[in-house]
Amino acid sequence: MKIDDELLGKLNEAKTIVFFTGAGISAESVIPTFRGKDGIWNKLKPEELANFNAFLKNPDMVWEWYQHRKKIIHESEPNPGHIAIAEMQNQFPEVAVVTQNIDNLHRRAGSKIIYELHGNIERNYCIKCHKYYNTELDFSHGVPKCECGGLIRPDVVWFGEYLPQDQFRFSEEISSRADIFFIVGTSAVVYPAASLIYSAKARGAFLIEVNIEPTEASSIMNRSFFGKAGEILPEILSTIIAKN
Ligand code: APR
């Protein structure tokens with residue numbers, strides 16, 4: 001992996017760095033991605049599991065699936081990719097993570113500024129009164145219910161739903177100020193999240209892609225590093241530390 005002089009120069013000057021991440025950064029933590037060869041959506045139907053009507057029709061099945069994902073996430077650890085991003089905070093004045101992931105691994109790795117575009121699997125709320133339940137839920141009487149009688153759902157964004165407006169607005173704001181905008185482990189096909197790549201580009205950010213293969217957005221990148229995030233990001237970090 002070569003870090004050329006122009007890129008080194010950009011890293012030298014940079015004040016604000018944004019890491020826009022997707023499922024690929026958690027692949028080395030043994031959390032399956034959605035698309036690609038072993039992607040979740042090759043085996044399961046998002047329309048049956050990741051949308052509101054499916055939840056109303058069969059809340060047991062949807063909860064069974066999220067409890068299964070939560071178990072995998074709790075048994076996993078942040079990998080060197082997550083950790084390298086967290087450690088970048090010591091090298092630059094402002095480092096933010098804008099993630100599509102609901103797995104909380106950036107937070108567990110020590111990242112401080114995190115915007116979660118698709119929610120977080122550790123949070124839940126009542127679909128009727130919107131009361132939040134962020135503790136382990138009781139499934140002993142079936143699907144958990146709120147004291148108001150409403151069904152409790154995971155605080156994740158399902159297909160056809162709006163992103164949390166505050167998270168998207170903060171993400172847009174910092175992406176528009178980014179000197180360097182990393183795109184790590186995302187197929188860049190899900191909108192409006194992926195639109196942040198193009199708005200960062202339009203605002204002059206230097207775009208760096210880290211992915212095991214080219215994506216929909218590869219053509220607009222300033223640099224693309226094809227390989228595993230857990231290997232490439234620590235290498236970029238050590239180059240930065242060596243120059244500082
Ligand atoms: N290192 C870097 N990139 C990787 C690695 C790795 N170790 N493993 C896989 N990838 C790449 C794949 O090549 C692919 O481009 O990560 C990307 C994962 O893409 P998706 O599975 O489509 O996941 P993502 O882009 O995060 O999906 C966006 O879609 O299903 C919804 O809400 C869900 O947040 C998710 C959104």
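**Ligand, helix and cavities**

Mentor: An N or O atom in the side chain of E213 lies 3.5 Å from an oxygen atom of the ligand, a polar contact being a pair of N or O atoms within 3.5 Å, where within protein one must be able to donate a hydrogen and the other to accept it, and residues adjacent in sequence count only if both atoms are side-chain atoms. Before we go on, keep in mind that this is a predicted model, in which local features need pLDDT of at least 70 and side-chain atom pairs count only at pLDDT 80 or more, while totals for chains, interfaces and linings use all residues. Residues are numbered from 1 along each chain as its sequence is written, and side-chain values use heavy atoms, with hydrogens and water left out.

Trainee: And how far is the ligand oxygen from the side chain of N211?
Mentor: For the side chain of N211, the distance from an N or O atom to an oxygen atom of the ligand is 2.7 Å, and a polar backbone atom of A23 is 2.8 Å from an oxygen atom of the ligand.

Trainee: How many residues surround the ligand, and which are the closest?
Mentor: There are 22 residues around the ligand, with E28, R35, T186, S187 and N211 the closest; a residue counts as near if one of its heavy atoms lies within 4 Å of the molecule.

Trainee: Switching to α5, which of its residues are buried?
Mentor: In helix α5, which spans residues 80-87, the buried residues are G81, H82, A84, I85 and A86. Buried means under 20% relative accessible area, exposed means over 50%, and partly exposed is in between, with a 1.4 Å probe and protein chains only. Helices are DSSP runs of H or I with at least four residues, strands are runs of E with at least two, and both are numbered from the N terminus.

Trainee: What covers them?
Mentor: The cover over the buried residues of α5 includes strands β1 (16-21) and β2 (94-99), together with helices α6 (105-109) and α9 (229-243).

Trainee: Why does G81 count as buried?
Mentor: G81 counts as buried because its relative accessibility is 0%. Leaving aside residues up to four places away in sequence, G81 touches I25, A229, G230 and L233, where contact means heavy atoms within 4.5 Å. The C-alpha atoms of G81 and H106 are 9.4 Å apart, although 25 residues separate them along the chain.

Trainee: What happens at the start of that helix?
Mentor: There, a side-chain oxygen of N79 comes to within 2.7 Å of the backbone nitrogen of G81.

Trainee: Which element supplies the largest share of its lining?
Mentor: Helix α6 does, with three residues of the lining of the largest cavity.

Trainee: And the second largest pocket, how much space is in it?
Mentor: The second largest pocket holds about 210 Å³ and is lined by 16 residues, with Y125, D155, V157, Y162 and P164 nearest its centre.

Trainee: Last topic, the backbone: which peptide bond is cis?
Mentor: The bond from Y191 to P192 is cis, with omega near 10°, and P192 is in the loop between β7 (180-184) and α8 (195-202). A188 is also placed in the loop between β7 and α8, and its phi is near 55°, a positive value in a residue other than glycine.

Trainee: Is A188 buried or exposed?
Mentor: A188 counts as buried, at 2% relative accessibility.

Conventions. On a 1 Å grid over the protein atoms alone, a cavity is a set of points where a 1.4 Å probe fits but cannot get out, and a pocket is an open set with protein on both sides within 12 Å along at least five of seven lines; lining residues have an atom within 4 Å of a point. Grid points are joined across faces, edges and corners, and a volume is the space filled by probe spheres set on the points.
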